[in-house]
Amino acid sequence: MDNGTNPIPSRQDSGKKRSFGRRIIIGVVSLLALLAVIIGIFGYHYFQTSLQPLDSSDDNVVQVHVPMGATSNKIGEILQDKKVVKSGMVFNYYVKSNKFTNFQAGYYQLKPSMTLKQIATQLQKGGSAEPIQSTSGKVLVREGETVDQIAAEIPIQTDFTKKEFMTLIKSQTFFNQLAAKYPQLLGSAKKAKNVRYRLEGYLAPATYQAGKKMTLKQLITQMVAKTDQNLQGSYATIKKQKLTVQETLTLASLVEREGVTQSDRDKIAGVFLNRIKAGMALQSDISVQYALKTTKSTLTYKDLKVKSPYNLYIHTGYGPGPFASPSTSSITAVLHPTDRKKGYYYFIANTKTGKVYFSQTYAQHEAKTSSLASDNK
């Protein structure tokens, strides 16, 4: 009989609900227990494998820098990032549980095949104060390369990193050491203002031997020494021409990129020297590209107005310093230019044929530029 009230559930219905709820709880607990077991198994396996060498068959040397004051936890992170150990956290646990202490700062030559004990023992012995080369190799510096381009190649050709190379290139202390060793070469570079890199242009194009155990300082010093060697027969001429080494290498670095044949380079050098004597801006696109840190072939009007001491469209003279590492042939062109007496102040190249045309007046230059417009699109 319906009296308007809810029916009272039977004992049987209540028992069914409790039983269903209990099954859900048991199921959830069982699932959590299973997950805990699985996680525990995987965690134990990960821990055990992390105690082993990362790759027992990999004997490739990895150069690792441990900074001053680094904790074992920080060292573990560095080793993991460098792919020398599987887990930095497990390395930290291992060295603490085995009471390895007094790790030394420095550069280390480590391998993924090394055990944690071998790595920890090496860290206690100490590394080198500077990055060193682990195997014999070769480093190629190409004609017309900038410091930044050389830096990008360093980690490909050696054990050194780009950051290590650039840190040393920017080091005033290192530069001063080189200037003291090569005063005739670096005297004017030492006095230069607003330079991006004081050693720009002084790393001679050549192939260098990066011997085993060689330091990065020794490698860069080789490059500077090669430039000094190349200029030994030219210092007197540079002085006679009333140029500095910095000015000579600056013009040579522009000539390097502006001309291809020796004949063209000799004439282009003459144009640049004529413009400087006349107080005209050199207006070299190479200088703008360097100022913008770009290599794009077509520059906009906005690009030509970039505010930089290296922009030789808006600044007269030589600028702060070299734009790249010039070849000996480009240096020779600057010291022995041709056709200066013909009064050339302008030049333009046909980008299709490579032929360079020289003009005495701006009107002649404009006419030639217009005639080459279709080829130089």
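Val-141 stands opposite Ala-206 in strand 4. The model is predicted; local features require pLDDT of at least 70 and side-chain atom pairs pLDDT 80 or more, while totals for chains, interfaces and linings use all residues. Residues are numbered from 1 along each chain as its sequence is written, and side-chain values use heavy atoms, without hydrogens or water.

Strand 3 (residues 137-141) pairs with strand 4 in the antiparallel sense, over 5 bridges. Pairing requires at least two DSSP bridges between two strands. Strand 4 (residues 206-210) has two faces. Ala-206, Tyr-208 and Ala-210 form the covered one. Thr-207 and Gln-209 form the uncovered one. In a regular strand, side chains alternate between the two faces of the sheet.

Strand 1 (residues 62-66) is mostly covered, with 4 of its 5 residues buried. Buried denotes under 20% relative accessible area, exposed over 50%, and partly exposed the range in between (1.4 Å probe, protein chains only). Strand 1 runs antiparallel to strand 2 (residues 106-110), and 5 bridges join them. His-65 has Tyr-107 of strand 2 as its bridge partner.

The protein chain contains 15 helices and 6 strands. These are DSSP runs numbered from the N terminus: helices are H or I with at least four residues, strands E with at least two. Of the 377 residues, 41% count as buried. Contacts are heavy atoms within 4.5 Å. Among contacts with a separation of 6 or more, 64% come from residues 24 or more positions apart. The chain exposes about 21200 Å², of which carbon and sulfur atoms supply 54%. Accessible areas follow the Shrake-Rupley method with a 1.4 Å probe; for residues, only the protein chains shown count as cover.

Aromatic rings were examined next. Rings of Phe, Tyr and Trp (its six-membered ring) pair if their centres lie within 6.5 Å; planes under 30 degrees apart are stacked, over 60 edge-to-face, and the rest tilted. The count by this rule is 9 aromatic pairs. Tyr-344 and Phe-358 form a tilted pair, at 5.7 Å centre to centre and 35° between the planes. This pair links distant parts of the chain, 14 residues apart. Tyr-344 lies in the loop between helix 14 (328-335) and strand 5 (346-349), Phe-358 in strand 6 (residues 356-359). Tyr-344 counts as buried because its relative accessibility is 18%. Phe-358 is buried as well, at 17%. Phe-272, Tyr-344, Phe-347 and Phe-358 form one aromatic cluster.

Charges also sit over rings (NZ of Lys or CZ of Arg within 6 Å of the ring centre and within 35 degrees of the ring normal). Arg-196 lies over the face of Tyr-290, 4.1 Å from the ring centre. The charged end of Arg-275 sits over the ring of Tyr-346, 5.2 Å from its centre.
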